[in-house]
Amino acid sequence: MLSLGSSGGKQPAKPSFVSYVTPEEINSEKESPKKEKLPALLPGEVVFCSANPVLKYTQDEFSQRGVFGTLVCTNFRISFVSDEAQTEDTSQHFKNKLYGQNDIPLMCVDHIYGGYDDKKKLITGPQLKNKYPSKIIIHCKDLRVFQYCLTFTDEKDAKKIFQGIVHHCLESKSLKCVFAFSYSANNAEMQRKWRTVMFDSTDDWVQEMKRTKGNCRLVTENQAFELFQRLPQYFIVPAAVTDEDFQTAKKFSGKGLPIWCWSHHSGCALFKTATVPLMQEDTVSQNYMDRMLNAVAQNHLYSVKTEDLGDTLPSLQEVQLSYSKFKQFFLIDNSTDFWVSDVKWFSSLENTGWLDIIRQCLQKALEVVECLEKENTNVLIMEEEGSDLCCVISSLVQLMLDPFYRTLTGLQSLIQKEWVTGGHNFQDRCNHLHHKDKEHLQAPVFLLFLECVWQLLQQHSPAFQFSETYLTVLSDSVHVPVFSTFLFNSIQQRVSMLTAESPHTQRGPLSCPTVWDWSVQFDCRSQEFFINPVYTEKLRVDKTTKKSHRPKHTRQLSLPSSAFKTPPKKGFFKEETDSLKKMLRGKRLSRWMLSPDASPQGSSREFYEAWQRRPLDYHGVLLPQLEGPAVRVWMQRYLRWIPEVQIFGGGAVALTSRLAELQGEVQDLLRRLERQGRGPYLHDRPPPPPYPAATSPTLQLTSQSHLLRSSVRLSSSFPFISVRNWSFKPVIPTSVPQGLSFTDPDNIADKEDEYSETISLV
Amino acid sequence: MLTGSKTTFKVRQMVPDVKDRMLSHSGLHTRGREMFGLCCLPGECVLQRAVLVRKKLSAKEGGGWLSGTLFCTHFRVAFVPQDSPKPDDNADPVLLGDHDVALASIEKVVAVGPSRTKLVTPNSSLKFTPEELVLYCRDLRVICFLFDRLTPETQAVEITYTIAKTYQPLKPGTVLSFQNAALGSIEMKQFLSNRRRDPDMNWFESLSDWEQELERVGATGWRVSSVNDRFEMSTSLSRFNVVPQKVLDTELKKTFAHFNEGRIPHWCWRHPRGSDLLRMASFQNNIYHEKDDIRNLELVLFGVQQVCVVVDLGEEMPSTTDIQLAHTRLRALCLGDISASVSVPDDKWLSTLEGTHWLDYIRCCLRKSGEVACLLRGGHLTVVLQEPEDRDMNCVVSSLVQVMCDPHCRTVAGFQALIQKEWIMAGHRFLSRINYHRDSDKEEAPLFLLFLDCVWQLWAQFPSRFQLSGDYLLALHDSLHVPLFSSFLANCQRERSRRSQHLAQSYTPVNGLRELPRGSPQEPCDPPLPPVWDWALQYSSQRRARFTQPVTQPASPPPLLNGNLNTNLDPHRHVDGMAGSVFLLSRGSFSSPSNLLPWRSSAGSASYRKSHRRAPSAEMLPALERLLRACSLSEAGPEPHEPLLPLLLGPCVKVWRDCYLRGALHAQAFTHPMPSSMLHPVDQLSWEVQQLREKLSQASSTSSSSCSSSSSSPTSSRTSSTPHIKLEARCTDSNLNQNANNGTFLFPSSRSTSHQPPPAPRGNAQTTASIKATSRPPTSIANPQPRPTGRDGAKHTFLFGHQPNNRPVQRYIPAPHAKPPRSRSSSSGGSSGIHGNNLQ
């Protein structure tokens, strides 16, 4: 009978499997001169330990197929170099220059499991001095799974490499040990291709405020972090905040200070802040908060709405818990697990709650957008730290409202502004340093943001200049310890670390590349995958008027009247338009900080529908779908390494390759026209289609086209995997999952009888 | 109420209460008369109209709102956009425009007021002026009209009433009156009877059709038997059946009794490697098998092969009740319900979806079909699908297998032929399963929709391997819900042909047509029903242009010599014509239970059994298993006959969003919505390619040198037809390639060149043709360029039997081809036929 892979290993050599070297053969092989191949090291990279031969399983544990090679642990990565002659990877178009397919940056290691005989045990620290496992299973944060078998390795080497890996991956270390500080590439000139606004100078902030027509106050007094440790060197507060307020704020170490995020064209703005602990009798803090709220309100029309995200969104612990459950479905040691989970796929995904958290964040952002766009009130979002979910929400709001942030540079500037400068605790949230006592602080907040962006991208693809691949790569780059962008907890820490380092290196201030310098990781060709082929750029003509935001005003007027008919709803936002006086009383204040219970669903429903009634403008307000079927699993990120779900010629690749092909043809034709000696044709590309197209697609796939045309069939995991890794499971899954799918448990028992019957017949 | 009528006077009587409001009817005038901008069918009356209405466009149509005028006739709810071009008086009548809904496909009418919503029934009265009108359709569309404040209130109210009164929720008897409303007029009857059939598609109606199919797949050893010509042997089987050549008709007759409903094993398809696919009903067990019978039965069952695998679809596959239940649940989940406020919470959507089991059933069908495809691929087997009645799951699996294995079945013509063969002629009980008449609730089961969804899954996973597009599948899905098409309005060929006989002699009263509720005896006849494949009746040419997309053609047509790729015969094949081993494929494993073939287990043939059953089975089983397993291991290159094996894991089987979720009001903006003002990049690029080609050809024709023979794009010879024709030329060509194994190969290329406008020298066209045949890389998925071998001019009717606008062949498209955006797709959209949302 046919069976699933679970029994596959018990059967002796299947003819179709690539022959697997038995231990006897190993011994003979070991006699041969030991050639330890080392990976091409990066500047500053040091090899700690290595072992050879190590067997790397290329498939699941049952199929017993593998490649022998050297396992190396350096101060940057765990690397595996195959003994086999490295065939030039022609198929791999999308190659990371820093680490290859078999490399794991140390920061990227999520969990290490030791395989002892048949058991799998989570390794938490170097507690096992003598006993080392026969197999190392490494789960990566980018959802790759590696399995290395140490049984063929010299015992000494095996022990060494195991302990080395465990030591360098799991033990807490100091920030200075991070590879970024040893990495000394000649990255003198930052690639200026994308021109990301770094928000590290007053000029950037002034420009940004000018662009959004904000009228707030730029604070430059914190240049050396004299005022507030947590806040960046430069930031913007409402114009009404005075110098005296800073003195008060200093007592709360900058908490409660409303930090400007973005100004709506109507004049209202979005602010974020960390909450000040409010005590009933503590008049100082209450007065301080009153002043701050007052200042925010004065920004525009004397209106403010506040939103405590800590109360309405899931806590960071919940986010972390949910994500760690969610990712388990994609971190599969062997595909058998995956096949078993298949039957309950949807409900098990849903039970983790991760998709729902995404939905809640989008929903919250939608509500804030409604306040800004429809009611034109200032919004102050607050949170305990003011740099976690606040960052998620404020960035999402800006993405939805401002088309600039939907470009590639825009998104990078946004991340730079809200996350890096905004002081998101990347170091703690990602637990880069593996501090045991900081494990409870770990939470994938930035990933959550990227997930939300992906949902938007998925729903309104032509509105975004960057592609899904870009987001995936960005989510991976968080765990590459070469870049300074995602390494620190705050700007202050960043500045002090980078300058403190300088005396040692004697090369002036240390210059870590930022992650935005994509040329460090990818060559130009690969970077083209970052561009969304269906992005529709705004026409040049419109660009002059774009910044004036005038179209938005007209659009607002064209809102159907029904949207305004309803009385102002009792949202969970507290209306504070003209009752500021009353608000100033402390008793009210604390009450005011609690968000009243209201149905957030109903509140934005109408706004959403009104938006939907208008023709979709990719360069205007963009709202997400939030319904059940709309929030989806980010397939590319989560499923890209799983061979079982790779479809040939499927997914977005089909569209990309089709576009690339057409484009290639256009160029081909142009060239031929040129060859014919008709000079004018060269520069005289055909006029744009005579349709009143407001937008024109970007046609930037130039060199990709060649590449895409060269490969016959691409898998749906392209560009991460272009050639299918063959699975040893039958493509047509047979009995087991099917039986589970719609027969009663009673029948299964019967069926098993049948099985034995069939076998006996056989 | 009269159930049907021939003239418009009777129609008036049919809806007496709206008689007064009837604004116009054009029945007395020539057909195609225009009423307030609405192009009416002959005999169609406009009952009510409302001006300044906005229609909500789906994401596919570009989102946003389209303003225009809303009409309610006694056949459809029509919407005419404001700036729509003047209808052409000479154009053929189109039953439904792009924005129209047939009354019969409306399921519910809901009026939305300022503060409430109300389900409007024929008897209900509105207490408010509706602001919005929402039509819930049976095909899962939800159509939403918004009345402007400037719409006269009476119009808004009246049209709501009128629609509610005329839409006629399907109940026994209303279908016929609906058909009469649409097709009942004399002009329509004439028009329909004069309509030509699509000649490029195999209809499987005549003996030669079947022979053509045998020839196409290169099946030898089979013949078409007309023993069932008068449906005496089996009422549900088709008139012609393909049986082994060795069996004479007289012998064949004896076998019918051994099968349920007389559905003997009949041939469906031959795999290029020489395996045959058959299907049959279950055996009649309580029958005595005579020795002669047994020989015939074995002959019929084994066909031309020695090994036979019976695939039992009876117990393993979901039952029809399961499918119906799943579909009902899926509908409820996807459509939502504005009147019932209970809805699935968003965070439970996925598990509810899982709970419908619809995706499980899809997976199950695909899995089984994949198994069968792998088996067939092994070669020299007869695979027999067995189901108790052979009329439901057998249809699904046998046609899916062919879609997976046969590239021809992934073209529109091939797919239609497939449905004609495996569903319509094979006697799928469309009428009972769809339950148009609401009289067979227990038998209702959307098996055909399940099949379409399975095909969609294949399409979604391998879009570049299909010539037909997602739009086509959607159109077919929707057509199933309009009870106008003969294809779906009968349970078997017998019923269908009785109906058409009856039409021929239209004055004899109908006898014995139990599925059609009969009107009064004076009622002369029912309207002639068109086949569903006459797409021009339903869809505008713009929509139809999206039914196809260019496909990669295999670099060279598969070298099919007599349809038999496999020349190395198994050494241990039996020479004895009688012998053969039978296996049962059940739950993914093979066995040979003793009671598989009832005559073998019976005492009478004990000796026979001893000699033949055991020995081969033992040696064959592992080989069979290897067949199934090996399939997954082989490097499935883009070989055309490698089966498309879909991935069936959880994340891979998806919801057909374009179909199930397009209606749900809250989910309108799903996949890549395209504003109507904007072209999809694919369209734009293909437009650009086209322009460049024209320039190139212009240049090459003006210059005396013919230097256009660059091998990279041998297109210069063919650039000068209108896009519309280009599309057809391409399709025709692809069909040619598909038919390459047919024997009816190739048209002389001189013929094709003779139709060309002469930009390139004639000889050049031929060299480019040969270059293309040899060196064309198989990667060009999206190449909309026409093949030089295409025939045009004379043969414009490849896709859709009738091409209304036979435009003259233009030399060049004038560059300022300025058109309003609505009609643009006839030029550019049509040329590529690919749209982004097909590729999501």
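Start by selecting Leu396(A), Phe449(A), Phe415(B) and Leu476(B): of the 297 residues in the largest nonpolar core, these touch the most other members. A nonpolar core here is a set of buried Ala, Val, Leu, Ile, Met, Phe, Trp, Tyr and Cys residues joined through side-chain atoms within 4.5 Å, where buried means under 20% relative accessible area, exposed over 50% and partly exposed in between, with a 1.4 Å probe and protein chains only. Color domain 1 (16-193) and domain 2 (207-628) of chain B next; both give residues to this core, so it lies between them. The domain bounds come from an automatic or database domain assignment.

A word on what is on your screen: this is a predicted model, in which local features need pLDDT of at least 70 and side-chain atom pairs count only at pLDDT 80 or more, while totals for chains, interfaces and linings use all residues. Residues are numbered from 1 along each chain as its sequence is written, chains are lettered from A and ligands numbered from 1 in the order in which they are written, and side-chain values use heavy atoms, leaving out hydrogens and water.

Now zoom in on Phe415(B). Beyond its neighbours within four places in sequence, its contacts (heavy atoms within 4.5 Å) include Phe451(B), Leu452(B), Tyr472(B) and Leu476(B). For a second, separate core of 32 residues, select Phe228(A), Phe246(A), Val276(A) and Ala295(A), which are among its members.

Next stop, the sheet in chain A. Show β4-β3-β2-β1-β8-β7-β5-β6, the order in which 8 strands form an open, antiparallel sheet. Strands are DSSP runs (E, at least two residues) and helices likewise (H or I, at least four), numbered from the N terminus; two strands pair if DSSP finds at least two bridges between them. At the edges are β4 (103-105) and β6 (119-123) of chain A, each with a single partner strand, so one side of each has no neighbour in the sheet. Strand β5 (109-116) of chain A is joined to β6(A) by 5 bridges, and Gly115(A) stands opposite Lys120(A) in β6(A).

While you are here, look at Pro53(A) in strand β1 (47-57) of chain A. A cis peptide bond joins Asn52(A) to Pro53(A), with omega about -5 degrees.

Most residues other than glycine have a negative phi. Asn376(A), however, has a positive phi near 55 degrees, in the loop between α10 (354-375) and β14 (378-383) of chain A. Glu261(B) has a positive phi near 60 degrees and lies in the loop between α6 (249-255) and β14 (266-270) of chain B.
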